[in-house]
Amino acid sequence: AFTAVLGGGAAFKEMVSITLDWARETENLARAMGVTEEQASALAIAAGDIHMSSEQLIQASSTLTRQLKANEIGFNSLGVATRDAAGKLLPTMDVMLNATTVLNQYQAGLDRNIIGQRLFGRGWQEVSKIIALNSGVVEEAREKGEALNLTMSPERRATIDDYRSSMHDVGEVMKGLGVTIGQAVMPVLTKLATWFSEAGPTAVYVLN
């Protein structure tokens with residue numbers, strides 16, 4: 001109850017929950033894709049725009065990384081750039097966009113599915129909607145995110161982290177109060193239960 005009050009009531013509490021869910025989504029996406037949370041905000045919106053979830057985008061990232069690790073030469077032979085001019089591996093997001101560019105060069109159907117499996121493994125069909133992801137879609141999503149105030153900036157992340165820490169502290173205080181009160185009433189309840197158990201047979205006999 002105290003936590004609900006601190007959260008600002010039912011309506012505000014729902015808004016806070018939405019904020020925390022969005023923060024968790026962008027955080028997970030940023031970690032999986034190796035990008036900033038600001039970039040992850042745009043990616044999360046872009047995923048929705050192409051009818052995918054962030055979880056599916058993370059799954060695609062995982063399978064793409066696994067396939068790349070197993071056969072980078074195969075990626076390059078298909079025309080998917082995986083390294084920069086200095087020979088350093090590109091960020092996962094860049095490799096993914098390069099992969100979708102190559103996929104779009106193949107006709108939908110068997111040809112594209114074969115290449116899709118080479119790039120995204122056996123789970124290709126589950127993430128095949130990623131074919132619609134490109135830099136233009138991501139840029140539009142970024143602009144939409146800024147317009148809707150959905151961009152996860154460092155300042156916003158700091159605010160969310162402060163809130164989480166404060167709510168954790170409130171939870172610890174409530175736990176401490178609960179334990180203190182519980183320890184105080186347990187002896188009384190124990191005596192009541194003992195008396196009830198001892199008096200039970202007599203009460204049953206009288207009522208009989």
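Reading from the N terminus, the elements of the chain go α-α-α-α-α-α-α-α-α. That comes to nine helices and zero strands, where helices (H or I, at least four residues) and strands (E, at least two) are DSSP runs numbered from the N terminus. The model is a predicted one, so local features need pLDDT of at least 70 and side-chain atom pairs count only at pLDDT 80 or more, while totals for chains, interfaces and linings use all residues. Residues are numbered from 1 along each chain as its sequence is written, and side-chain values use heavy atoms, with hydrogens and water left out.

Of the 208 residues in the chain, 30% are buried; here buried means under 20% relative accessible area, exposed means over 50%, and partly exposed is in between (1.4 Å probe, protein chains only).

Helix α7 (residues 110-120) has R112, I115, G116, L119 and F120 as its buried residues. These cover an arc of only 115° around the axis, which puts them on the same side of α7; the arc is that of the directions from the helix axis to the C-beta atoms. The packing partners of the buried α7 residues are α4 (54-70), α5 (72-78) and α6 (92-103).

Most residues other than glycine have a negative phi. H51, in the loop between α3 (37-49) and α4, is not a glycine but has a positive phi near 65°. H51 is also exposed, with a relative accessible area of 61%. N149 sits in the loop between α8 (135-147) and α9 (154-207), and its phi is positive too, at about 60°, although N149 is not a glycine. With 53% relative accessibility, N149 counts as exposed.

N149 turns up again in the lining of the largest pocket, together with M15, I18, T19, W22, L150, M152, R156, T159 and I160. Two or more of these lining residues come from each of α2 (9-33) and α9, and α2 gives the largest share, four residues. The space in this pocket is about 190 Å³. A pocket, on a 1 Å grid over the protein atoms alone, is an open set of points where a 1.4 Å probe fits, with protein on both sides within 12 Å along at least five of seven lines; lining residues have an atom within 4 Å of a point. Grid points are joined across faces, edges and corners, and a volume is the space filled by probe spheres set on the points. By class, the lining has six nonpolar, three polar and one charged residue; Ala, Val, Leu, Ile, Met, Phe, Trp, Tyr, Cys and Pro count as nonpolar, Asp, Glu, Lys and Arg as charged, and the others, Gly among them, as polar.

The second largest pocket holds about 150 Å³ of space. Its lining includes L64, K69, R83 and V95, and α4 and α6 each give two or more residues to it. The most, four residues, come from α4.

Methods: Contact = heavy atoms within 4.5 Å.
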